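Please look over the sequence and the structure before reading on.

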Amino acid sequence: MRKPHTHTFSSIVDEVFDALRRVLRYSMRLIREMSPPALLGAAVLLALLLSMLPLAIVLFAAFMVAKVAVGACVIGNRRQRNAPQEPHA
């Protein structure tokens, strides 16, 4: 017996493309209705977002790697210093 809500791959792809087409039509309508200063402001904000977001992600990752490396060195030194020492004969 078939399930009532089975979707084929082609129907899912068609639905995705239909949603993408609707979003593009909406955005084109929105851009067409914007005034030139608003369009310039939106373009500048989009450019800042596209240039600053990757930079922020890379810097975050770099500082996290540095933090983990420094933390590993500090913990290694503490463990070495606090290890029980054998008496010398």
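The points below cover the fold, the salt bridges and the surface.

This is a predicted model, in which local features need pLDDT of at least 70 and side-chain atom pairs count only at pLDDT 80 or more, while totals for chains, interfaces and linings use all residues. Residues are numbered from 1 along each chain as its sequence is written, and side-chain values use heavy atoms, with hydrogens and water left out.

**Fold and burial**

- The chain contains two helices and zero strands; helices (H or I, at least four residues) and strands (E, at least two) are DSSP runs, numbered from the N terminus.
- Of the 89 residues in the chain, 0% are buried; buried means under 20% relative accessible area, exposed over 50%, and partly exposed in between (1.4 Å probe, protein chains only).

**Salt bridges**

- Two salt bridges are counted, a salt bridge being a side-chain nitrogen of Lys or Arg within 4 Å of a carboxyl oxygen of Asp or Glu.
- Asp18 pairs with Arg21, with the closest N and O atoms 2.5 Å apart.
- These two residues stand three apart in helix H1 (residues 9-33), so about one helical turn separates Asp18 from Arg21.
- Asp18 also forms a salt bridge with Arg22, at 3.0 Å from N to O, and these residues are four apart in helix H1, about one turn of the helix.
- Asp18 is partly exposed at 27% relative accessible area, and Arg21 is partly exposed at 43%.

**Surface**

- A nonpolar surface patch of about 830 Å² includes Leu40, Leu55 and Phe63; patches are made of residues with over 30% relative accessible area and no salt bridge, with like charges joined within 9 Å and nonpolar side chains (Val, Leu, Ile, Met, Phe, Trp, Tyr) within 5 Å.
- Leu55 lies in helix H2 (residues 36-82) and is partly exposed, with a relative accessible area of 45%.

Technical notes. Accessible areas come from the Shrake-Rupley method with a 1.4 Å probe; for residues, only the protein chains shown count as cover.
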